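Hello,

Here is the structure we discussed handing over. My notes on it follow below.

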Amino acid sequence: MGAGLAAVLAYIVNRRILPGHQLLAFLALAPVVIPGVVLAVALFVAYTRPPLVLYGSIWILFVAYLTKEMPVGYAQSDATFKGVHPELEEAGRVLGAGRLRVLGEITAPLARSGVIATWCFVFIGVIRELSASIILFTPNTKVISVVIFDLKEEGQFGAIAVLGLFMLAMTFAAVVVMQTLLGRDFIGAKE
Amino acid sequence: MPGVTIKGLTKRYGDVAAVEGLSLEVQPSELVSLLGPSGCGKTTTLRLVAGFLRPEAGEIWVGERCLSSPTGVVPPERRRMAMIFQSYALWPHMTVAQNVAYGLRLKAGVSKTEREARVKDMLRVVQLGGYESRYPGELSGGQQQRVAVARALVVEPEILLLDEPLSNLDANLREEMRFEIRRLHATFAITTLYVTHDQGEAMVISDRVAVLYRGRVVQVGTAEDLFQRPRTRFVAEFIGKTNLVDGVAVEPGVVARGSLRLRVAVTGLKPGAPVAVSIRPHEIILVTGDRATPPGHNVLTGVVQRTSYLGDAVDYQVRVNESDVTLRVTAPTSIRLRPGVGMRLAVAPEACVPLIEPEEGRP
């Protein structure tokens, strides 16, 4: 989800589709300077009162992760779309394909491996996230990193070892699966 | 096959006008080059014709259809054009056959069997038969170029646009592809706009050349027109080498500088007006000793300052006695003169071309 949004943003900025695209780029990159704890407190204050009460649900974590990982995702996607030469799209347009068709048949396949790499970066970042999670979690939405933090306070290193291994394995497996299932590069893709 | 009419086209980037009041008429089935130095607006013009940009002023017509005006632009996909890019822009994730077939897949009323046959035929025309299942990354630059040509021609466009298509090729291949493009144009007779900064390329390939300078067309004509009858200083200097003599018209057909008097190719000059005269280096004849000068020629005297042997000719720099002018002269190798030697120079009046608009287009 984060990778997808980042990709859409980067596409819009790179191809200058909307007015104000530079502001959009700035907003996407801005969270990088905000410490996770500060971001979490800000979200906590913002979403514990109406109109939007997200605190207590998993969604506040979703919003936090999305914000926090946006710069990473955006920077990755930006590089991906810079690598797809605009003339490749224009060649499709002149031959009779509309903008959406070109996006689907030319841009998307060429950007695919880059977007998958983006997803991996965002996924890894989210799984290990602690600074925002520790402020925003509730007993129902305790993520692994927070659990490990608690266990360490209790001195249960055996359990931590198990969870740590589990996290490691999960991250590793997810990345491998994504790479092999979707990231197969076609022959001759690189000029 | 319709022609293209461009009327008063203007496109600005911020405060800078890339194209300013450009007008050009391309006849049906004609190949016209847009020639100019970088930044003269030739690529912007091509992108305006392709429909990637919206003009601030002016119109682009193809046959009876108005495709671009400040109020509306028909999108690129509905213009029935094809374009060949400087980078070739082949899609690396598709095979050669898929690349070429792309435009046909989007065309209504072309069946799969017809499509395959046409792709195969076209690849044969560009001498790439048998390469159908290769990927662009596996081909050489020249082969990629041919695929790009096939991809553009197979859709039978009304208008073909080429944006410096040969600038990424090495010199030999470039030469070969010039004739190839000429041959394909003779075969398909598609109205073509060809952008280049290489005057040799423009002269070989085109029916007519439009010289662009600062967003305008300064002169349109055949290669011969431009070379022999340049109208502005810019055209005279950009197309081939030339000598420019700045002088003043003293009679309707005579331009003077100091005691130098040149009878020129036209007789409509206004006495007293400043006129620049262009003389091509190879039009000047060196006359040594007491040999006779050709009848009717302007005759000057001068002293050789510098010579360079070029193999097929000798390039002289000659200081003219009558005035403070130094002329470049290209002479056959049969006459060899050393620096310091005096001689006479003969130039036919027809070779002295007054530049009608010396101020406009001054670099």
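**Confidence and overall make-up**

For chain B as a whole the mean pLDDT is 88, with 98% of the residues at 70 or more. The stretch to treat with care is residues 358–363 of chain B, where pLDDT stays under 50. The model has 14 contacts beyond four places in sequence for that stretch. Where pLDDT is low, the predicted coordinates should not be read in detail.

Chain B contains eight helices and 21 strands. Its C-alpha trace spans about 80 × 45 × 35 Å along the principal axes. Of its 363 residues, 52% count as buried. The accessible surface of chain B is about 15700 Å², and carbon and sulfur atoms make up 49% of that. Of the contacts in chain B with a separation of 6 or more, 65% are between residues 24 or more positions apart.

One open sheet in chain B has five strands in the order E2-E1-E4-E5-E6, with antiparallel pairing. Its edge strands are E2 (16–26) and E6 (72–73) of chain B, each of which pairs on one side only. Strand E1 (residues 4–13) of chain B pairs with E2(B) over seven bridges, in the antiparallel sense. Within that pair, B:Ile6 stands opposite B:Leu24 of E2(B).

Helix H1 (residues 42–50) of chain B lies across E1, E2, E4 (57–62) and E5 (65–69) of chain B. The helix runs at about 115 degrees to E1(B).

In soluble globular proteins, nonpolar side chains tend to be buried together. The largest nonpolar core here has 76 residues, and B:Leu24, B:Leu161 and B:Leu193 touch the most other members. Apart from it lies another core, of 28 residues, among them B:Leu300, B:Leu327, B:Leu345 and B:Val347.

What does B:Leu161 touch, leaving aside residues up to four places away in sequence? Its contacts are B:Leu46, B:Val49, B:Ala50, B:Met81, B:Ala82, B:Met83, B:Ile84 and B:Leu193.

B:Glu224 is 63 residues from B:Leu161 along the chain, and their C-alpha atoms are separated by 23 Å. B:Glu224 is found in helix H7 (residues 223–228) of chain B. Is B:Glu224 buried or exposed? It counts as exposed because its relative accessibility is 52%, and the cut-off for exposed is over 50%.

**Two residues with positive phi**

Most residues other than glycine have a negative phi. B:Tyr88 is not a glycine, yet has a positive phi of about 70 degrees. B:Tyr88 sits in the loop between strand E7 (81–84) and helix H2 (96–105) of chain B. With a relative accessibility of 6%, B:Tyr88 counts as buried, since buried means under 20%.

B:Gln127 also has a positive phi, near 60 degrees, and is a residue other than glycine. Its place is the loop between helix H3 (112–125) and helix H4 (141–153) of chain B. B:Gln127 has a relative accessible area of 49%, so it is partly exposed.

Regards

Terms used. Residues numbered from 1 in each chain as written. Chains lettered and ligands numbered in written order. Heavy atoms only, no water. Helix = DSSP H or I, 4+ residues; strand = E, 2+ residues; numbered from the N terminus. Buried < 20%, exposed > 50% of the residue type's maximum accessible area, 1.4 Å probe, protein only. Pairing = 2+ DSSP bridges. Contact = heavy atoms within 4.5 Å. Axes fitted to C-alpha atoms, helices over the stretch in contact; angles between N-to-C directions. pLDDT = per-residue confidence, 0-100. Core = buried A, V, L, I, M, F, W, Y, C linked by side-chain atoms within 4.5 Å. Areas by Shrake-Rupley, 256 points an atom, 1.4 Å probe, with all protein chains shown as cover.
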